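Here are my notes after going through the model you sent.

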Amino acid sequence: EFKRCMQDVCREKGGQWADKCNEQADSFSGMTELFGRGSHASGQRDQCDCFNTKEEANKRHRSFLMDFYRSYNQSAATDSVVQEMLDRFSGKEGKLYYKLALKHGLDFVKFDNIKREL
């Protein structure tokens with residue numbers, strides 16, 4: 001999953017950055033495969049909420065997005081905007097959260113020497 005995500009990021013970057021990005025992605029995914037599999041699996045078990053139905057999971061995604069938008073983009077904290085995002089990223093919610101972190105991350109996380117991308 002991590003490797004595929006990194007490949008998607010590199011594909012979106014494209015252009016002159018694609019080769020360097022893919023090289024770095026291969027390196028990261030190799031290290032993750034070698035060193036991170038066990039800790040990732042245990043972290044997922046310990047930190048992730050599992051739901052019995054897709055409806056329960058969607059309810060949690062909706063709640064998270066509404067709270068997020070209320071804090072970081074109040075004009076988007078509407079049922080219609082949140083539903084549009086959930087529909088657009090159905091099954092790819094991680095990608096949605098990644099994009100939100102890129103767009104709004106500087107509002108809630110301090111990055112050193114990293115510029116806002118969106």
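1. Which hand does the disulfide of C10 and C21 have? The torsion about its S-S bond is about -80°, so the disulfide is left-handed. C10 sits in helix 1 (residues 2-13) and C21 in helix 2 (residues 18-47), so the bond ties together parts 11 residues apart in sequence. Helices here are DSSP runs of H or I, at least four residues long, numbered from the N terminus.

2. A word on the ground rules: this is a predicted model, with local features needing pLDDT of at least 70 and side-chain atom pairs counting only at pLDDT 80 or more, while totals for chains, interfaces and linings use all residues. Residues are numbered from 1 along each chain as its sequence is written, and side-chain values use heavy atoms, leaving out hydrogens and water.

3. Back to the cysteines. The search of the whole structure turns up 1 disulfide (cysteine sulfur atoms within 2.5 Å), and the S to S distance between C10 and C21 is 2.1 Å. C10 is buried at 1% relative accessibility, and C21 is buried too, at 15%. Buried means under 20% relative accessible area, exposed over 50% and partly exposed in between, with a 1.4 Å probe and protein chains only.

4. V82, M85 and L86 are buried, and they cover an arc of only 100° around the axis, which puts them on the same side of helix 4 (the arc is taken from the directions from the helix axis to the C-beta atoms). The face turned away from that buried side carries the exposed S80, D87 and R88.

5. Finally, the aromatics. There are 4 aromatic pairs (Phe, Tyr or Trp rings, six-membered for Trp, with centres within 6.5 Å; planes under 30 degrees apart are stacked, over 60 edge-to-face, the rest tilted). F68 and Y72 have ring centres 5.0 Å apart and planes at 45°, so the pair is tilted. F68 is buried at 9%, whereas Y72 is partly exposed at 32%.

Key: Helix = DSSP H or I, 4+ residues; strand = E, 2+ residues; numbered from the N terminus.
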